[in-house]
Amino acid sequence: MPRITTVPPHPRPGLMHRRGVLLFAFAFAVMADPVSSVAYAIEAALRALHGDLALLLPTMALVVGIVVLVIVNYHQLVARYPQGGGAAAATGEAFGEGAAFIPIGALIVDFVLTIAISSAAGASAVIAFVPALAPWRVLIAVLLVAVVAGGTWFGHLGRTVFAVMTVAFIALAVAVLVSGLFVDPRPAGTTSADPGHSPLVAVALAFPVAMALATGIEAPSSAIAQLGQLDDPGRRRFGRVTLWLTLGVVGTITLALTAQAVRLGIGVPHEDTTQVAELARAATSTPVFAAFQLTTALLLLSAASSSFQAGPGLFKALARHRHADGTTTGILPAGLGRTNNHHTPYWGVVVFLVAAGAVTAAAGGRDQELVLFYAASVFVSFLAGLTAMAKFSLRERRIGFLVVNLVGALAVGFTLVVNLTRGDPIISIAASLLIAAGLYWLWVRSGRPRGIRNIAAEAEHEE
C-alpha cells in the first residue's frame with residue numbers, strides 16, 4: 001500500500017496579512033520608548049564628554065554594543081517565557097517569588113522617569129523650534145505630563161497610533177540623514193578637544209549616561225502577554241522579531257545621527273535647544289525641520305503614554321481584589337485596581353501623574369537633568385533577569401547560554417558600577433530598592449500570596 005504523506009495547509013493569505021499588520025503595530029509601538037531616547041541620549045553622551053566630538057561615535061558604539069548584549073539575553077528570556085513576565089518572571093522562578101519585587105520596583109521607577117523625561121524632552125523639542133516659549137519650559141513640561149495622563153484616563157491609545165508615530169519619526173530621521181549628506185559642515189554649539197580624562201576613561205565615564213537608549217529594550221518580553229490571539233510559538237516569534245527589529249532601528253539611527261553630528265560639527269547646544277534639533281536644522285530645510293521637531297515631540301509623548309499605561313496596569317495587577325469564591329488576593333490598596341468605563345485604573349494614573357509631575361518640576365523641565373538619573377533603575381532589572389538566566393543555564397548545563405548570560409550580566413553590572421560613581425543614579429537605584437522592599441513587606445504581611453512573579457505578565461493582559 002503506498003505511503004500517504006499529509007502536507008500541512010499553508011496559512012490563509014488573509015490570516016498572514018492580519019498577522020503582518022499585528023506584528024507591525026506591536027513591534028513599532030513597543031519600540032517607541034528606545035527610539036524616542038535618541039532625542040536626548042546622544043546629547044547626554046556629548047555633555048559627559050565635555051563636548052569632545054571625536055569621542056562621541058566610539059561612546060555611542062559602546063552603548064549600542066551593550067544593547068546588543070542585553071537583547072541577545074532577552075532573546076533567550078522570551079523563549080523561556082512566551083506568555084510574558086520578563087525579568088520579574090525569571091527572577092521569581094530562579095530566586096523565589098519575593099525576589100521578583102526587585103525588577104518590579106525598578107520598573108515602577110523607570111515608568112515614572114520615562115514619563116518625566118519624555119515630557120521634558122517633548123517640551124525641549126517644541127522650545128527648540130519656538131525659542132520664545134523657553135521661559136515657560138517647566139509649565140509646558142508639566143502640562144504635557146498632565147495631557148498624556150488625561151489621554152490615558154479616557155482610554156488607551158491603540159498600538160497602531162504608537163506604531164505610526166514611531167515610523168513617522170524614523171522616516172523623518174532618514175530624511176535628515178540623507179539631506180545632511182549634501183550639506184557642508186556647519187559647526188554649532190560648544191565643542192572641545194579635552195574630555196577631562198584620557199580617551200578610554202572619558203568614554204567609560206560617559207557611556208552610562210547615554211544608556212537611556214536601553215530603556216524600553218525589555219518591553220517586548222512583557223508586552224507579548226498582550227497577544228492573547230496568538231499561541232506560545234507565535235508570541236515567542238513576535239517577541240524575538242521585535243527585539244531584533246528594535247536593535248536594527250535604534251542602533252542604525254543612533255550611530256547614523258551620531259556620525260552626522262560629528263561630520264557637521266554639532267556640539268553641545270545652548271540651553272534653549274537640543275543637539276538633535278540643531279542637527280536637523282543644519283541638515284534640512286525649515287519645513288522638514290518643523291516636521292521633524294513635531295514628530296519628535298509626538299513620539300516622546302507616545303513613549304510617556306506607554307508608561308502611563310504600563311505603570312497603573314502594574315498597580316492594578318498588584319491591587320487587592322476579592323474573587324467569587326470569597327478569597328482575596330493582591331497586596332496594594334483595592335482602589336488602585338478600580339477602573340473607569342474605559343478600563344483605565346484611574347487612581348494608578350493619578351499616582352503616576354503626581355510622581356512624574358513632581359519629578360519633572362524638580363528637574364526644571366530639563367531632559368538633560370533627568371537623563372542623569374534615568375537608566376540606572378532599569379539596569380537593576382536587567383541585572384536581575386540576566387543573573388536568573390545564568391542560574392537556569394548553569395542548572396541545565398547549557399554552557400553556551402551560560403557564557404552569554406554571564407557576559408551580559410558583567411556588562412550590565414559594569415554599567416551600574418560606573419553609573420554609581422557619578423553619584424546621581426544612586427537616587428534612582430535607592431528608590432527602586434525601597435519600593436521593592438516596601439512591596440515585599442506588604443507581600444509578607446498579606447501571607448505571601450502566590451503568583452507574584454507573573455504580575456508583570458498579568459499587568460500587560462488587555463481587557
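The following legends describe close-up views of a predicted model.

Local features require pLDDT of at least 70 and side-chain atom pairs pLDDT 80 or more, whereas totals for chains, interfaces and linings use all residues. Residues are numbered from 1 along each chain as its sequence is written, and side-chain values use heavy atoms, without hydrogens and water.

View 1. Helix α12 spans residues 275-283; helices are DSSP runs of H or I with at least four residues, numbered from the N terminus. Eight of its nine residues are buried, so the helix is largely enclosed by the rest of the structure (buried: under 20% relative accessible area; exposed: over 50%; partly exposed: in between; 1.4 Å probe, protein chains only). Among the buried residues are Gln275, Val276 and Leu279. Glu278 forms a salt bridge with Arg281, with 2.9 Å between the closest N and O atoms (a side-chain nitrogen of Lys or Arg within 4 Å of a carboxyl oxygen of Asp or Glu). Glu278 is buried at 15% relative accessible area, while Arg281 is partly exposed at 35%. Because the two residues are three apart in α12, about one helical turn separates Glu278 from Arg281.

**View 2. The Arg47–Glu43 pair in helix α3.** The side chains of Arg47 and Glu43 meet in a salt bridge with an N to O distance of 2.9 Å. Both residues belong to helix α3 (residues 38-48) and are four residues apart, about one turn of the helix. An α-helix has 3.6 residues a turn, so residues three or four places apart point the same way. Arg47 is partly exposed at 35% relative accessibility, whereas Glu43 is buried at 3%.

**View 3. A salt-bridge network.** Arg80, Glu93, Glu396, Arg398 and Arg453 are linked by salt bridges into a network. Within it, Glu396 pairs with Arg398, their closest N and O atoms being 3.7 Å apart. Glu396 is partly exposed at 33% relative accessibility, as is Arg398 at 39%.

**View 4. Surroundings of Asn73.** Asn73 lies in helix α4 (residues 56-80) and is buried, with 1% relative accessibility. A polar atom of its side chain is 2.8 Å from the backbone oxygen of Leu69. Beyond neighbours within four places in sequence, Asn73 contacts Leu386, Val404, Asn405 and Gly408 (contact: heavy atoms within 4.5 Å).

**View 5. Surroundings of Ser302.** Ser302 is located in helix α13 (residues 286-318) and is buried at 5% relative accessibility. Apart from neighbours within four places in sequence, Ser302 is in contact with Phe162 and Met165.

Terms used. Polar contact = N/O pair within 3.5 Å; in protein donor to acceptor, adjacent residues only side chain to side chain.
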